[in-house]
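Here are my notes on the aromatic pairs and a few other contacts. Have the model open while you read.

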Amino acid sequence: MKSLGGDMSFFDTPAFILLALGLVSVGAVAQRLIRSLHDLRSRATELRTLNEFSRELISATLDVEGICELLHRYSSMVVDTSDFTLALLDDSKGIAVVVIDVESGQRRDGCTCPPEEGSVEWLLRHGQSLLIRDLHRESLPFAPVALREATRSALYIPLLTKDRPIGSLSVQSAKPGRFDEDDERILSAFANQGAAAIEKARLYAREHQRAKQLATVSEVSLKVAAILGLQELFGQVVNLIQESFGYYHVGIYTVDHESGDLYFRASTGCSDPEVRINRSGGMIGWVATHGEPVLANDVEREPRFRYDTTLPETLSELTVPLKVKERVVGVLDVQSDVQGAFDEDDLFVMRTLAAQVAIAVEDARMYVERQEQAWVATALLQVAETIGSLTSSQEVLSSIVRLTPILVGVDRCMLFLWEDDSGQYVSSESFGLSAESRVRFADLRLAPDQFPLLDQVRTAGEPILVRFGDEQGLIPVDVMKDYQIGVAFALPLRVKGEVVGVMLAEYSDPNAELSSANRSVLTGIANQAAMAVESARLYEARREEAWVSTALLQVSSSLENTTDLDEILERVVSLTTLLAGVDRCAILLFDEAAGEFMPAQVHGISRERLPEFLALRFAPGQMPLLDEIRDRRAPVSAEHGSDGASTSLRMMQEFGFSSLLGLPLLARGEIIGAMLVDRVKMPLGLSERQISVLMGIANQVSVAIENARLYQESLEKERMTRELQVARDIQISFLPKACPQVPGWQVCADWRSAREVGGDFYDFIWLDTNHLGLVIADVSDKGVPAALFMALSRTVMRASATDARSPVEALVRANELLTADTSSGMFVTLFYGILDITTGQLRYGRAGHNPPLHFDRVGGRVRSLDGQGIVLGIMEEVSFEERTVTLGAGDALVLYTDGVTEAINSEEEEYGVERLREVIKAHGESSAAEIIEGIDQGVARFSSGVPQFDDLTLVVVKRERRETVSEGLLTERLKGTTVG
C-alpha cells in the first residue's frame, strides 16, 4: 500500500500535469495539421474542377443550352443537385426562362416567369449570392415562389457578366446546413465563367442571325426586283417575307401618288386590292402619314394599335414605311402572335427590306404606267386605223360608239351633237341600249337645261363624272332610270376650241371605277369623234377642205426632210404667213422645267427688235393669253378672249402686233408651246379656212417638234449604248487577261454578265513565287452601279491582299476600306484563298460568298468549303473564320457566283448547289476547262432558253495527278510577271 500510495502520488505531481498538457497540445497540433491537409486537398480538388470546367467551356461550341448543361454537370460534382434550378433573363421579352429544373433528382420542363418574382428578381437586383443554412432559423429576403415544401437549406447564385446579372442558379436541400461558404465560392466561380460564356454565345448567335437575316434580305430583294406586275409583286412580297422570316401576318399597303389615299394591296391572309384605309388612325395610317416606323411589342400598350377581328392572335406589331427619296409610297406591316417578338435587329432588317420593296413597288408602278400608256396608244391607234378607212362621217361615229365598250369596258356609249341653227342637242349614235331605248334615243332632241350635264360639259369644255344618287341633278332622274345609268362619264367633243357635242360613256354599276388609263382612252376616242364631226363639217365645204389640205401638205412636205428643230420652226413661221394669210407668226416653246414660254422663231418683226423679242421669257401671269392657252388647250383671240388676253395684245403691240391669236402646240395632250399670229384686219375675224390652216399647221408643227425631240432622244440613247459598250470593254479590262500558267496546276475561268456591265469579278494575285491569291466576288446589284462598285472592290481587294499575311487580315482590311470610302448602300460577297502551289494547301476566308466546292479525287466526293463571315461594305466591325484545305493530286476547286446556282428554268426552279455538285463529280477527272464546259452546258440545258438574269462567273483550279513542280521551273515561268 505504501508502494501504491507512492505511485499514486506521482500522478499528482506537477511533472505529470506538464506531461499531460504536452500530450494534449501535440494532439491538437496534429488535428490542425490533418484539417489543413484536408483543406488543401479540398482546395486542390476545387481548383482542378474549376480548371476542367474552364477547359470545357473554352472547347465547347457557342451554344447557350450546352453551357447551361455544363454548369449543371459541374455543379453536381460539388454539391447535391437533386433540387436544382437554372434560369436566364430574356431582355427582349422581359421574362426569365428556366432552362434546367430538377426536383428530387427528376428533370422537369422549363417554364417562364416575370423577373420580378421570387429569387430570380432578388438575385437580378442585388447581383450577389445568398446562402441559407436553415430556413427554420433564417428568413428569405424574397417571396418563396419556387421554394420546395421540404426545403431547409438553399444556395442562390447570380450569373454575372460585367456586373450585370443575366440569370441565376439555385440548389435546395431538405437537410439543414447542407451548403457552406466553400460551396458558395466554387458555385459562384462556375456561375461567373458560365455567364461570360453564355454572353459570348448570345453575341455570336445574334451576329449569326444578323448575317442570316441580311442574306435573306438580299435573297428576297433579288426575287422581288424581278417582278414587274404590281398585284403579283404585292402577293409575292408578303408571301416571301412570311416564308423567309416566319411572321404570323404580313401585309402591304400603298399610297396613291396622285390622291394621297392609302390602299390595302395584299396580305398573307387575303388579297382584296383597292380597299381604302383610313389614314387618321391605326399604326399603318400613322406610319403612312409620318414616314417613321412603329414597333409595338405589346399591342395592348400601343395607343395607335387598332384591333382587327380577322387577326385575333396579334400580340406584337412592326410597321415600317416604304420610302423612295423621302417620299412614302406605301407601308409594310408585320405582326406576331408572340409578345415581345421584335427587337432592333428585326427593325433594321425590315427597314432594309422595306427600302428594296419600295424601289420594286416604284419600278413596278412605273412599269404599269408605261404599260397603260402603251395600251392607251394602241387603243387609240386601233380607233384611228378603224375610222381611217371610212369615208362617211356617220360610219365613223357608229364605229366609235361600238369600239368604245370593247376597248374600255363600259356598258353603253352615246353621242350628242350640238346644232347651232336649232340651238339643241341632237342624238347621233348609240351602242348598248335596249331596242326600246334605242328607238327613243334616235328621236331625242334636247334644249338647253333639259339635260344639265350636257350644258355643263359644253360650257366648261372638260370631262365630268356623275354617279347615280349624286345630288347635283346633272342627269334627270327619269333619264337615269330609263337608260339604267349607274356611272356616266361625259366628255366634250371639241373642235378648234369649240365644243360641238358630248360623248357619254356609261356603267350600270354605280360603284364602277374609271382608271386613269381608261379616261385617257375615252378622251382620245372623244377627240377622234370630234375630229369625225369636224370631218363632216369639212366635207360640206370640200373646196375649202381641199385648199386646206393642199396648204398643210405643203407644210408637211417642207418638214419631212429635216430633223433640225431650228430649221423646222424657221420654215413653219415663213409658210404660215404665206398659207394662212397672216402678217406675223411667232412660235414659243414651253420649258417644263422653268415653267416658262420662250420665243424660238418669229417672222414679220423688224430686224432691230428681233433679238429683244427672242430674249423674252413669259412666266405664269406675265402674259395672260399664254396662260389661257395652256389652261384651255385651245386657240385664244385677244379680241374675243378675257381681259388678260387683251392685256397681252398691248404687250405685243410694241413689236408690231396689231391683233393676236394664240394656238396651242400639243403633244400627247400636253402643252409643248404656242403659236401666235397677227393679221392687220383680224378684228373682222379669220375665216374658217384660215382657222383650219392655222390649226393644221399647229398640229403638224407639234408633231414635228415632238419628232425632233424624239430623234434627239434616240441619238442620246444610241450614244448611251455606245458608252455602255465602252464601259463593258473597260470592265473586261479589269479582269485577268489570261489565267495563270502554273506547272502542275490547271487554272481556268469563265465570266458572263447579265447586262452590258455587271457586278461579278474574279482575280489572281501572285503574292510570291509559291503563293497564288484566288478571288471571286459578287456585288449586290447589276448594271453600271454594280460595275463601278466592282472596280472599287477589285482594287481594294488587290491592295489588301498584297498588304496582308492571311486571308482573314486581307478581308478585314478590304472591309475597312470599303465601309470608309463608300456610302452607296451596296455590298459585295467575296471568297479569298491563298494557294501554296508547292504543297496544295489552301488557306481561305469567306465574306458571305457561296462556299466553293472541293472535288476530292481519292474520296470521290464533292464538299463545300464553309466558313463564317459577313459580306464586305456593310458593317465596320466584322470578323471572319480562316480555314485550311489541301488539294491533293487530281483534286479540283470550283469557285462560282450565285448566277450559276440561281439560274432558273421555265418552271421557275433554281439550278441549285446539288446539281452543280453532280456535274463537278461527273467531270472531276477531267481538265479544268472541261469542268467549266460541263457546268456551262448543264446550266444551259437546265435553263432551256430562259434568259440569264444574273451575272455568272466560274473559276476552276485543278491539281494535276503527276506534278513536276520545281522552284527553278516556276521561277522561270514567272519571269516578267509582276507579283501582286
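1. First, the ring rule: rings of Phe, Tyr and Trp (its six-membered ring) pair if their centres lie within 6.5 Å, with planes under 30 degrees apart called stacked, over 60 edge-to-face and the rest tilted. By this rule there are eleven aromatic pairs. Phe416 and Phe441 are edge-to-face, because their ring centres are 5.4 Å apart and their planes stand at 75°. This pair links distant parts of the chain, 25 residues apart: Phe416 is in strand S14 (residues 412-419) and Phe441 in helix H10 (residues 435-442). Helices (H or I, at least four residues) and strands (E, at least two) are DSSP runs, numbered from the N terminus.

2. A word on the source: this is a predicted model, where local features need pLDDT of at least 70, side-chain atom pairs count only at pLDDT 80 or more, and totals for chains, interfaces and linings use all residues. Residues are numbered from 1 along each chain as its sequence is written, and side-chain values use heavy atoms, leaving out hydrogens and water.

3. Now for charges over rings (NZ of Lys or CZ of Arg within 6 Å of the ring centre and within 35 degrees of the ring normal). Arg458 has its charged end over the ring of Trp418, 3.8 Å from the centre. Arg304 lies over the face of Trp286, 4.5 Å from the ring centre.
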